[in-house]
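I opened my notebook to look up a few places in one structure. My entries follow.

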Amino acid sequence: MKVSSTFLTPFSSTFPLISSILQNHRKPNYIPFRRYSCVTSSSSSSSSSSSSSSSSVTPISHKPQIPLFLRPPIYSTTQPDLHNFITWAKTLASSIGSTFVQIDDGPDSTLLLRELNWFLDDAVEDPLDISHGRSGTSAKRVGLRASLDEMYKLWGSRIQERRPFQYVVGCEHWRDLVLSVEEGVLIPRPETGKIVNLAEEGLKEGGVWADLGTGSGALAIAISRVLGKNGRVLATDLSPVAVSVASYNVERYGLQDSIKVKQGSWFEPLKEFEGQLAGVVSNPPYIPSEDISGLQAEVGKHEPILALDGGVEGLDDLFHLCTRMSIMLKPGGFFVFETNGEKQCKILADYLENVTGNCFRDVTIISDFAGIMRFVTGYRI
Ligand SMILES: C[S@@+](CC[C@H](N)C(=O)[O-])C[C@H]1O[C@@H](n2cnc3c(N)ncnc32)[C@H](O)[C@@H]1O
């Protein structure tokens, strides 16, 4: 096993999922999405009629939610009423102080107040209306993307229920993408983006790549954009909500001809590609079951358990994927897996080198942006 010294640091991780939710670096520029058009049952059925079809959609009854910033400004209020809302929302956020930090390393008021600004940016049609304060006039209507009642409920849920900010506004900024997310779908974390960088060398070869446990479709979309016309991506997830949201995101980026999203367990929907995959990426559930109850409320109470719980040691899904990968990857095929940290990386690398029957070469452990051993990469012999 190689450990890439470039990225190595002496400390190990606890839970990247917990800390990274606090680092939601809001990028100022939204990528303009095409306007929402629902994935209809007719488009679903035509795309799923043949498993070798190039379309992306498996029929799923769940209708994905539209992110707040993409909704039309069909509601309105007065400037004084908006001012009252802002005063109430600021008071609520400020009242938290460092209480959540002390409970479970959650957000403090400074971060919550920053989120409130982002929330207003998404909900209010004209940013100039946000700054009017008491001087605002009742005569002028302020355009809103959610009713004022809904805005009270949404912001209340952020503070009182510790609902993740990304679920409140319905999207997350990840790498250069803006991805729709909602309850039932993991919010993609910054560190996972490094998987795309690690795969870049292999992606030059093109071919068919698989993103297993695609969630919002983040990795599948990012990888497809690097692959371009050189290849395509098969994305799987067991969760129907994830499949629906990933399909929506794929459509928003106009990649439905390059990415096929399939519902099913890991490689199971990809049987016809046995021995043909040029690359496999996955960020599977890897938190040990007994650690779930100690997670930050935003994560443990709101994000899907299916995306978090990796069994007793957190390695159940990683072991399964590694075993099956020896059959699914073609010779020379590349893989990247995300793990919980140093211990899992070492166990997995050892498993790949010694237990899977000499199928893999150049197994390497690579650290994330914070210097925590996070990824295991390698090639099929
Ligand atoms: C940690 S999340 C990663 C989501 C996404 N790839 C990302 O990085 O943001 C793990 C994903 O695996 C999915 N999953 C869990 N068990 C699965 C299974 N047996 N087969 C396929 N997907 C599964 C979950 O629904 C979840 O979307």
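I began with the terms: helices (H or I, at least four residues) and strands (E, at least two) are DSSP runs, numbered from the N terminus. I noted that this is a predicted model, where local features need pLDDT of at least 70, side-chain atom pairs count only at pLDDT 80 or more, and totals for chains, interfaces and linings use all residues. Residues are numbered from 1 along each chain as its sequence is written, and side-chain values use heavy atoms, with hydrogens and water left out.

**Entry: two loops**

I looked up Asp 105 first. I found Asp 105 in the loop between helix H4 (99-104) and helix H5 (109-123). Its phi is near 65°, a positive value in a residue other than glycine. I wrote down the general rule: most residues other than glycine have a negative phi.

Buried means under 20% relative accessible area, exposed over 50%, and partly exposed in between (1.4 Å probe, protein chains only).

Next I turned to Arg 175. Arg 175 lies in the loop between strand S4 (171-174) and strand S5 (177-180). Arg 175 is not a glycine, yet I read a positive phi of about 50°. At 29% relative accessibility, Arg 175 is partly exposed.

**Entry: a helix residue**

I then checked Ile 327. Ile 327 belongs to helix H13 (residues 316-328). Its relative accessibility is 38%, so I logged Ile 327 as partly exposed.

**Entry: the ligand**

How many residues surround the ligand? I noted 17, and the closest are Gly 213, Asp 237, Ser 265, Trp 266 and Asn 283. A residue is near a molecule if one of its heavy atoms lies within 4 Å of it. I sorted this shell into 8 nonpolar, 8 polar and 1 charged. Here Ala, Val, Leu, Ile, Met, Phe, Trp, Tyr, Cys and Pro count as nonpolar, Asp, Glu, Lys and Arg as charged, and the others, Gly among them, as polar.

I looked for polar contacts (pairs of N or O atoms within 3.5 Å). A ligand oxygen atom is 2.6 Å from an N or O atom in the side chain of Asp 237. A ligand nitrogen atom is 2.8 Å from a polar backbone atom of Gly 213. A backbone N or O atom of Leu 238 is 3.2 Å from a nitrogen atom of the ligand.

Technical notes. A polar contact is a pair of N or O atoms within 3.5 Å; within protein, one must be able to donate a hydrogen and the other to accept it, and residues adjacent in sequence count only if both atoms are side-chain atoms.
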